[in-house]
Amino acid sequence: MRRIKLMLAIIAPLFFTSCIVVDNSPGPNGRDGNAYFGVDYERRAPYSYWDNNSSIPFNPILGEYYLTRPGIYDFEYFINPYDYYYGTYEVYINRGGLGGAHGEPGFDGLDTYLMFIADPDGYHLHGDSFKTGGSEPIVIEQKTDKYNYKITIQKGNVNTRDAKPPKYSSN
């Protein structure tokens with residue numbers, strides 16, 4: 001009996017020291033950032049506004065951001081009953097980072113924002129002098145942490161192209 005206890009006293013510690021578990025599995029990925037979109041103006045409110053983004057309600061509050069999904073959306077905004085700008089805008093999200101070793105979580109992606117300025121002379125950023133004036137399409141793209149979008153815009157007229165029913169109208 002004494003021998004069995006002595007053998008257990010020697011073997012047991014060896015058994016438990018051989019059972020060290022090292023977990024190198026990666027942690028969870030960080031959450032993706034949200035995307036926000038809104039419509040506003042600086043000089044004069046648009047006559048009407050339309051887009052096919054289902055996240056933007058009918059009669060949106062100008063200057064208000066709305067949570068949206070990433071994607072490419074069509075838009076139109078009238079500057080009077082006959083002339084308007086139309087094109088597409090693409091909203092991106094910032095992906096969260098990959099999880100790290102030993103269960104470390106990845107970093108969260110930053111939220112992105114696009115406030116679409118629908119002025120009579122064309123799209124521009126707040127306080128920016130960039131204007132679109134012709135009937136040729138212009139591409140505006142910005143890829144930073146906070147602003148991540150692409151806009152293609154050109155001028156149209158009801159005599160040359162049919163328009164969509166507006167979501168917003170100042171009438």
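**Ground rules.** I number residues from 1 along each chain as its sequence is written, and I use heavy atoms for side-chain values, leaving out hydrogens and water. As the model is predicted, I require pLDDT of at least 70 for local features and 80 or more for side-chain atom pairs, while totals for chains, interfaces and linings use all residues.

**Entry 1, core.** I looked up the largest nonpolar core and found 21 residues. I take a nonpolar core as a set of buried Ala, Val, Leu, Ile, Met, Phe, Trp, Tyr and Cys residues joined through side-chain atoms within 4.5 Å. Buried is under 20% relative accessible area, exposed is over 50%, and partly exposed is in between (1.4 Å probe, protein chains only). Phe37, Tyr49, Phe75, Tyr77, Tyr89, Phe116 and Ile151 have the most contacts inside this core. At least two core residues come from each of S1 (35-40), S4 (71-78), S5 (83-91), S6 (112-117) and S8 (148-157). My strands are DSSP runs of E, at least two residues, and my helices are runs of H or I, at least four, numbered from the N terminus. In soluble globular proteins, nonpolar side chains tend to be buried together.

I counted three. My rule is a side-chain nitrogen of Lys or Arg within 4 Å of a carboxyl oxygen of Asp or Glu.

Asp111 pairs with Arg31 at 3.6 Å, N to O. Asp111 is in the loop between S5 and S6, and Arg31 is in the loop between helix H1 (2-17) and S1, so this pair ties together parts 80 residues apart in sequence. Arg31 is partly exposed at 42% relative accessible area.

Arg95 pairs with Asp32 at 2.8 Å, N to O. Arg95 sits in the loop between S5 and S6 and Asp32 in the loop between H1 and S1, so the parts tied together are 63 residues apart in sequence. I noted Arg95 as exposed at 57% and Asp32 as partly exposed at 32%.

Glu141 meets Lys143 at 4.0 Å, N to O. Glu141 is partly exposed at 45%, whereas Lys143 is exposed at 52%.

I searched for cavities of 30 Å³ or more and got one. A cavity here is a set of points on a 1 Å grid over the protein atoms alone where a 1.4 Å probe fits but cannot get out; lining residues have an atom within 4 Å of a point. Points are joined across faces, edges and corners, and the volume is the space filled by probe spheres set on them. The largest cavity has a volume of about 40 Å³. Tyr36, Glu90, Val91, Thr112, Tyr113, Leu114, Asn148 and Tyr149 line it. S6 gives the largest share of the lining, three residues. I sorted the lining into five nonpolar, two polar and one charged. Ala, Val, Leu, Ile, Met, Phe, Trp, Tyr, Cys and Pro count as nonpolar, Asp, Glu, Lys and Arg as charged, and the others, Gly among them, as polar.

I checked Asp119, in the loop between S6 and strand S7 (138-143). Asp119 is buried at 1% relative accessibility. A polar atom of the Asp119 side chain lies 3.2 Å from the backbone nitrogen of Arg43.

I then checked Phe107, in the loop between S5 and S6. Phe107 is exposed at 60%.

Definitions and conventions. On a 1 Å grid over the protein atoms alone, a cavity is a set of points where a 1.4 Å probe fits but cannot get out, and a pocket is an open set with protein on both sides within 12 Å along at least five of seven lines; lining residues have an atom within 4 Å of a point. A polar contact is a pair of N or O atoms within 3.5 Å; within protein, one must be able to donate a hydrogen and the other to accept it, and residues adjacent in sequence count only if both atoms are side-chain atoms.
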